[in-house]
Amino acid sequence: MHNIQSIKVSNKRLTEEEFLKIRKEEVLPMWETGKEIENLDQCVEYAKQMPESKNMALQLVKAKEEKRFIAISHFGRATVDFMTEGIEYTEGNTGADAGNHNWFIEGDTYTRKCKYTEAAKGLERSKKDGVSYLNGWPVVCYGVKEARRLNETAKSPLSYNGSDEDARLATEIILAGGWTGTSAHALENGIAHTKDVPLENLIRYTQYKARLAAYYTERGVPINVQNGCPGTGYDSNGYTSFAVVSESLLDAEQGVKYEHLVLPPSLNMIQDIAAMRVTERLAAEYCHKAGYKDIHFICGAYPYIGPWPQDSHAAGAMICQNAISCILGNITGFLLKSIEEAWGLPTKEGVATSLHYVFQLLRVMGTQRMPESKELEIEEKMLELEVRSLMERVLDLGDGDIAKGLCMGVEMGLVDTMVTPWKYNKGNVLNIRDAEGCTRYLEKGNLPLPEEVVEFHRQKIAEREKREKRKADIKMVIDDMTFVSRA
């Protein structure tokens, strides 16, 4: 069992000396393209030349102020030619521009695992055969020149999905390329993207990315940092909300000023809207109490993260359901999947189709929003009780240090979820849906939940048992995990 003295990581801002030392000795030597960006101030100067329309942070803040929405498309192919073709096709055929759209560019799996030699081999094969053998864009293999080429091709701001064990070099290259969005979330990287990397390491890598984003921001290039927890698709709303609120303190300590708070949907609109409200409210509250001021929090949402239907019509319905929740909940910047999500890499046609769906929904739904209701009020209350309980317990474990508290909380099973490859997660939690499709705890493991929340979940599960005339058990859990993708 850890004691607090044995945990090496802490929620403390990297000094400029520490940051530049890590950059020089650890990050840039990871691959040869790191040599292209050794002069960080020159990288910042290039990024400062980008127009405001290319700045994701500023566009999201403006959209929130004007009560508008920004759709964010996932896309990633092996070669620059595939990428430019996809960007130009999508923007040219949908009306997507900086005012209504951003890009969320995916790195390939090899790049995301820092296996750059394998990524380079896949890239060369893709170039030779004219086929995308990689499931994303190998930014580290290409380097800053081609990152800038993509940025100059797009009308919409570019951001990079830096979700994985160690995306420090990739983040360096895309910010040097004038991109204005990245991601920083440590706990989520553990449960969704790794098997055996300790949370201490993940926090350390994420602190570097957050400090890098703040370095640009402090020098006149606002950087949007996606603080989200898509998880694996089987997590509770309380877990994902807690992960984002706790990460808000880690990012804020490093100087991040633009936090895009992004949650996955449970597929119950009332619960999802409640979760987003609670997350934004508590992130702002805990950051303010800790002394972090002038932070812009922008609500965001992922698409459903669990298994998608292979039928393209059913997938289209999923895209629309996810978007409707965001529109009704006034969630500013939401990410989109493609109709090909279940069976292949997103094509330019698939990405454009998702945008057509969403832009039409935005037109026809207009100013319609979810009305206040007793159900929404109760969901907010219960979720807030849960997240506060977790935050206070973890902060107490860490003597006020969220980094240390998270490490201890995971080891003790106080921070826990189900269905993850990460060996450090206890996995004593079972989540299930109630009669209305909300996520509830069938087994809470060692989570420090208030008794009022536990009883509320019991009652909601009992309502489903009565309606379906069957007991809530592991079979029901499995049914809930797969119902979206079943024919």
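A: On the α12 side the contact (heavy atoms within 4.5 Å) is made by Asn-237, Ser-241, Val-244, Val-245, Ser-248, Leu-249 and Ala-252. On the α13 side are Gln-271, Asp-272, Ala-275, Val-278, Thr-279, Leu-282, Ala-283, Tyr-286 and Cys-287. By class, this contact has 10 nonpolar, five polar and one charged residues, with Ala, Val, Leu, Ile, Met, Phe, Trp, Tyr, Cys and Pro counted as nonpolar, Asp, Glu, Lys and Arg as charged, and the others, Gly among them, as polar.

The model is predicted: local features need pLDDT of at least 70 and side-chain atom pairs count only at pLDDT 80 or more, while totals for chains, interfaces and linings use all residues. Residues are numbered from 1 along each chain as its sequence is written, and side-chain values use heavy atoms, with hydrogens and water left out. Helices (H or I, at least four residues) and strands (E, at least two) are DSSP runs, numbered from the N terminus.

α12 also packs against helix α16 (residues 374-397), with axes that come within 9 Å and cross at roughly 50°. That angle makes α12 oblique to α16, and the crossing is right-handed. From α12, the residues Asn-237, Gly-238, Tyr-239, Ser-241, Phe-242, Val-245, Ser-246 and Leu-249 take part. They meet Leu-383, Glu-386, Val-387, Leu-390, Met-391, Val-394 and Leu-395 of α16. The residues of this contact divide into 10 nonpolar, four polar and one charged.

Phe-242 leads on to the largest nonpolar core, which has 76 residues; Leu-187, Leu-199, Phe-242 and Met-391 touch the most other members (such a core is a set of buried Ala, Val, Leu, Ile, Met, Phe, Trp, Tyr and Cys residues joined through side-chain atoms within 4.5 Å). Helix α13 (residues 269-289) supplies the largest share of this core, nine residues. Leaving out residues up to four places away in sequence, Phe-242 touches Leu-187, Val-387, Leu-390, Met-391, Val-394, Leu-406 and Val-415. Apart from this core lies another, of 51 residues, among them Ile-22, Ile-37, Ala-78 and Ala-210.

α12 is among the elements that cover the buried residues of α10, as are α5 (109-112), α11 (199-218), β5 (224-228) and α17 (402-412). Helix α10 (residues 186-193) is mostly covered, with seven of its eight residues buried (buried is under 20% relative accessible area, exposed over 50%, partly exposed in between, with a 1.4 Å probe and protein chains only). The buried ones are Ala-186, Leu-187, Glu-188, Asn-189, Gly-190, Ile-191 and His-193.

α11 has a helix contact of its own: its axis and that of helix α2 (residues 40-48) come within 10 Å and cross at roughly 60°. That makes α2 oblique to α11, and α2 passes α11 in a right-handed crossing. Leu-40, Asp-41, Cys-43, Val-44 and Ala-47 in α2 meet Leu-212, Tyr-215 and Tyr-216 in α11. By class there are seven nonpolar, no polar and one charged residues.

His-260 is buried, at a relative accessible area of 1%. Outside four places in sequence, the residues touched by His-260 include Asn-224, Val-225, Gln-226, Asn-227 and Gly-228, and also Leu-60, Ile-72 and Gly-333.

Two further sites are partly exposed. Thr-117, in helix α6 (residues 116-129), is partly exposed at 42% relative accessible area. Thr-117 is 24 residues from Cys-141 in sequence and 8.5 Å from it in space, C-alpha to C-alpha. Gly-445, in the loop between β10 (439-443) and α18 (451-468), counts as partly exposed at 33%.

Note on methods. Axes are lines fitted to C-alpha atoms, for helices over the stretch in contact, and angles run from 0 to 180 degrees between N-to-C directions. Angles under 35 degrees count as roughly parallel, over 145 as roughly antiparallel, 65 to 115 as roughly perpendicular and the rest as oblique. A crossing is left-handed if the near helix is turned anticlockwise from the far one by less than a right angle, and right-handed if clockwise.
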